[in-house]
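Here is a friendly walk through the model on your screen. Keep the 3D view open and follow along topic by topic.

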There are 2 protein chains.
Amino acid sequence: MHQTFFTPGPSALYYTVDQHAKTALRSGIASISHRGTEFKAIYKQVDTNLRALLQLPDNYSVLFTNSATEVWDLATESLIQEKSLHIVNGAFSEKFYKIVNNSEKEALLTSSEWGDFPEIDYNLVKQADHIAITHNETSTGVSTPLEIVYKIREENPEAIISVDAVSSLPYLDIDYSKIDALYVSVQKCFGLPAGLGIWLVNDRCMARAEEVQKNKKELISYHNLLGLAKQAANYQTVSTPNVLNIYLLAQITSDMLNRGIQIIRSEIKYKSAIFYKMIETHPKLKLFVKDKILRSDTIIVLNTEEYTQAIINFLANKKLIAGTGYGKMNDSQVRIANFPTHSKEQFEMLTDLLETW
Amino acid sequence: MHQTFFTPGPSALYYTVDQHAKTALRSGIASISHRGTEFKAIYKQVDTNLRALLQLPDNYSVLFTNSATEVWDLATESLIQEKSLHIVNGAFSEKFYKIVNNSEKEALLTSSEWGDFPEIDYNLVKQADHIAITHNETSTGVSTPLEIVYKIREENPEAIISVDAVSSLPYLDIDYSKIDALYVSVQKCFGLPAGLGIWLVNDRCMARAEEVQKNKKELISYHNLLGLAKQAANYQTVSTPNVLNIYLLAQITSDMLNRGIQIIRSEIKYKSAIFYKMIETHPKLKLFVKDKILRSDTIIVLNTEEYTQAIINFLANKKLIAGTGYGKMNDSQVRIANFPTHSKEQFEMLTDLLETW
C-alpha cells in the first residue's frame with residue numbers, strides 16, 4: 001500500500017498524473033521545442049480547459065510563471081502604481097507584504113493574528129491602487145469570505161485586486177469580474193509536481209502594467225507581466241518553460257472537466273464537513289480557526305500541542321502523511337490538505353482514525 | 001523505434017531519466033516536503049555529485065534557480081556594482097546585455113557578428129566590475145576559447161566573472177578559480193525536463209552581493225542571491241522548488257559519475273570530430289562557424305539555406321529530430337546538439353545519413 005500525502009503542498013499527485021507522466025516520457029514531450037506547434041497546442045489546451053473549469057471571462061489571459069512566489073515580485077513590479085494594501089493574517093500574506101514594503105512602493109497593512117481575519121479598514125482600501133488578498137492562507141487554514149473581497153471591490157473599484165488562490169484553486173468559485181488577477185501553484189489542488197505557477201490576469205492589469213512599466217527607470221524583470229502576456233497571446237512563453245508540467249496540467253484539467261467541477265467542489269465540501277464535525281466533538285484535538293465562517297475547506301489546521309508528533313506518527317503508521325504546522329507552529333499544529341485528488345474514502349479513513357485517537 | 005532529439009534544448013532526455021522518473025513517481029518524491037530531511041538529502045546529493053563531477057572548489061555554493069534566464073535578473077541585481085561588460089556574439093549573450101542595459105546599471109559592450117567572436121577590448125575589461133561571458137552561444141554554435149576567459153581574469157582580477165555554460169556543462173572543463181559564477185539549464189547537456197537552473201557561485205560573489213544589496217533602495221527579488229545562498233547552506237531553497245527535477249538531477253549526476261566524466265567528455269569530442277570532418281568535405285552542407293578554434297563541440301550549426309526544411313524532414317523520416325536555426329536564422333540553418341545522452345552510435349548514424357544527403 002502506497003502512502004497518501006495529506007500534506008498541504010507538495011501534496012498527493014492528482015490520481016491520473018502517474019499515467020500521464022508515463023505517456024509524456026514515452027512520447028518525448030519533455031524534449032519538444034517550446035517554440036513549436038506541438039507546445040502551442042498544449043498551452044492552448046490548458047488555456048481552454050482553465051476557461052471552462054473556472055468560467056474565466058474573455059478579458060483574462062492565462063500566463064505561466066515559475067512559481068506563485070515569482071508572482072509577488074512581478075506584481076510588485078507591474079501592478080502597483082504607488083500604494084498596495086495587504087490583508088495579512090498568516091505567513092504567505094505577510095511575505096508578499098514584506099516584498100512590497102522592501103520595494104520603492106508603499107505597502108499599507110491591515111492585519112490580524114494567525115487563525116483570524118482582520119477587521120478591514122476601508123479608509124486604507126480607498127487609498128490603495130493595488131490590494132492583495134490571500135484567499136486561502138496555507139499557513140493557518142483561514143479562508144477569506146468572498147463577500148469581503150466583493151465589498152473591497154465596491155469600496156474601491158479603481159484598484160487592481162490580486163488574489164492568492166495558491167491552495168484553493170480550482171475549488172475556489174469566485175466572480176472574476178470582481179477581481180483582476182489570481183495566482184496559484186500547481187502542487188496544491190491541481191496535484192502536480194512543483195515547479196510551475198499560473199497567473200490569471202485581466203485587461204485592467206495589462207493597462208496598469210503598461211502605465212507602470214512605461215515610466216520605470218529601474219530594472220524590469222525578464223519575465224515581466226507585459227512580456228509574458230505578449231508571448232501568451234500566441235500560446236508562447238518568454239523562455240523555456242516547464243513543458244512537462246504544462247503538458248500534465250493540460251491532461252489533468254481535461255480529467256477534471258470530465259469529472260465535473262461541481263462534483264469536485266461538492267466532494268471537497270463533503271470531506272471537510274465530516275472532518276470538521278468529527279473534530280468539534282473530539283476530546284483532545286482542537287481546531288485552530290475558531291470562527292466557522294473563516295475555516296478553509298482545503299487546508300484544515302489542528303491545534304495539537306504536545307500530541308503533534310504522536311499524531312503525525314500515528315497516521316504515518318497507517319501510511320497517511322499529514323503536515324506539521326507552518327513556521328512557528330511547526331511543533332504545535334497539524335495541517336491536513338483536502339484537495340481534489342483526495343478521495344472520499346481516503347478522507348473517511350483519515351477521519352475515522354483520528355476520531356479513535 | 002523512438003525519435004531521437006538532436007534539438008539544442010530541450011533535447012533528448014538523459015538515457016536513464018525514464019527509469020528514474022518512474023521510480024520517483026512510484027516512491028512519491030513529487031509529494032515530499034521541501035522542508036524535510038528527505039529533500040535535504042537529495043539536495044546534498046546533487047551538491048556532492050556536482051562538486052565531484054566538475055572538480056568544484058570548496059568556496060563555491062550550488063544554488064537552484066527556476067531557469068538560467070532567471071540568473072540574468074538575479075545577477076544584474078546582485079553581482080554588478082556599476083559597470084558590466086558583455087561579450088556579445090549571439091542571441092543569448094545579447095539578451096543578458098539588454099537586461100543590464102535596461103537597468104540602472106551601466107552595460108559595456110564588445111560584440112561581433114553571429115558565428116564569430118569579438119576582438120576583446122581590454123580597456124573595457126579593466127573598467128568593468130562584472131564581466132559576462134557566454135561560454136557556448138546556443139544560438140550560433142560558437143564556443144569561447146578558455147584562454148580568453150583566463151586572459152580577461154588576468155587583466156582584471158577584481159571583476160566578478162559570470163559564465164553562461166547553459167549548453168556546455170558538464171562537458172565544459174574550466175578552472176573555477178579563474179571565474180566566479182557559472183549557470184546552466186538542466187534541459188541541455190544534463191538531459192532533464194526543463195524547469196530548473198543551477199547557479200554555481202563563489203565567496204567573492206557573496207561578498208559582492210552583500211556590498212551591492214546593502215545599499216540598494218529599489219526592489220530586491222524574493223529569490224535574490226543572498227537569500228538563495230543562505231538557504232542553500234542548509235540544503236534548502238527559498239520557496240517550493242522543482243523537487244522532481246532536483247531528484248532526477250541527483251540521479252543522473254550519480255550516473256554520470258559512474259560513467260566517468262572523462263569518458264563523457266571524450267565521447268563528445270569524438271562525436272563532434274566525426275561530424276565536423278564529414279561536413280568539411282560535404283558538397284552542399286556548410287558550417288556556420290568558419291574559425292575551427294571557435295566551433296562548439298556541443299552545438300553544431302550548419303548553413304543549410306534553401307535546404308533547411310528538406311534536411312529536417314529527411315532526418316525526421318529517420319526519426320532523428322534536428323533543430324532549426326535560432327531566431328533570424330530559423331529558415332537558413334540547422335542546429336545539432338551533441339550532448340552526453342547522444343550515443344556514439346546515434347551520432348555515427350546521423351553523420352552517415354547527412355553524408356549521403
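**Sheets, helices and the two chains**

In this predicted model, helix α8(A) lies across strands β2 and β10 (197–202) of chain A, and runs at about 110° to β2(A). That is a handy place to start, and the sheet these strands belong to comes next.

**The seven-stranded sheet of chain A**

- Follow the strands in the order β2-β10-β9-β8-β5-β3-β4 and you will trace an open sheet of seven strands in chain A, with mixed pairing.
- At its edges are β2 (60–65) and β4 (106–111) of chain A, each of which pairs on one side only.
- From one strand to the next, the twist averages 20°.
- Within this sheet, β5 (residues 130–134) and β8 (residues 160–164) of chain A run parallel and are joined by five bridges.
- To find this pairing on screen, pick A:Thr134, which stands opposite A:Asp164 in β8(A).

**The four-stranded sheet of chain A**

- Chain A also has an open sheet of four strands, in the order β11-β12-β15-β14, and here the pairing is antiparallel.
- Its edge strands are β11 (286–287) and β14 (323–324) of chain A; each has a single partner strand, so one side of each is left without a neighbour in the sheet.
- A:Asn303 has A:Gln333 as its bridge partner in β15(A).
- Helix α10 (residues 261–280) of chain A lies across β11, β12 and β15 of chain A, at about 10° to β12(A).

**Helix pair α7 and α8 in chain A**

- Helix α7 (residues 203–214) and helix α8 (residues 225–232) of chain A pack at an angle of about 135°, and their axes are 9 Å apart.
- This angle makes α7(A) oblique to α8(A).
- The crossing of α7(A) and α8(A) is left-handed.
- On the α7(A) side, the contact is made by A:Cys205, A:Met206, A:Ala209, A:Glu210 and A:Gln213. On the α8(A) side, A:Leu225, A:Leu226 and A:Ala229 take part.
- Sorted by class, the contact of α7(A) with α8(A) has six nonpolar residues, one polar and one charged.

**Helix pair α11 and α12 in chain B**

- In chain B, helix α11 (residues 308–317) packs with helix α12 (residues 344–356) at an angle of about 130°, with their axes 11 Å apart.
- The two helices, α11(B) and α12(B), are therefore oblique to each other.
- The crossing of α11(B) and α12(B) is right-handed.
- B:Ile311, B:Phe314 and B:Leu315 of α11(B) make the contact with B:Leu350, B:Leu353 and B:Leu354 of α12(B).
- By class, this contact of α11(B) with α12(B) has six nonpolar residues, with no polar and no charged ones.

**Backbone details worth a look**

- Most residues other than glycine have a negative phi, and most peptide bonds are trans.
- A:Leu169 and A:Pro170 are joined by a cis peptide bond, with omega about 5°.
- You will find A:Pro170 in the loop between β8 and β9 (181–185) of chain A.
- In chain B, the peptide bond from B:Gly9 to B:Pro10 is cis, and omega is near -5°.
- B:Pro10 sits in the loop between β1 (4–5) and α1 (17–27) of chain B.
- B:Glu305 has a phi near 45°, a positive value in a residue other than glycine.
- The place of B:Glu305 is the loop between β12 (299–303) and α11 of chain B.

**How the two chains relate**

- Chain A is superposed on chain B by a rotation of 180° with 0.0 Å of shift along its axis, at an RMSD of 0.0 Å.
- That is the relation of a two-fold axis.
- Of the interface residues of chain A, 100% are also interface residues in chain B, so the copies meet through the same surface.

How values were computed:
Residues numbered from 1 in each chain as written. Chains lettered and ligands numbered in written order. Predicted model: local features only at pLDDT ≥ 70, side-chain atom pairs only at ≥ 80, totals over all residues. Heavy atoms only, no water. Pairing = 2+ DSSP bridges. Contact = heavy atoms within 4.5 Å. Axes fitted to C-alpha atoms, helices over the stretch in contact; angles between N-to-C directions. Parallel < 35°, antiparallel > 145°, perpendicular 65-115°, else oblique. Left-handed = near helix turned anticlockwise from the far one by under 90°. Nonpolar A, V, L, I, M, F, W, Y, C, P; charged D, E, K, R; others polar. Least-squares fit on C-alpha atoms with pLDDT ≥ 70 in both.
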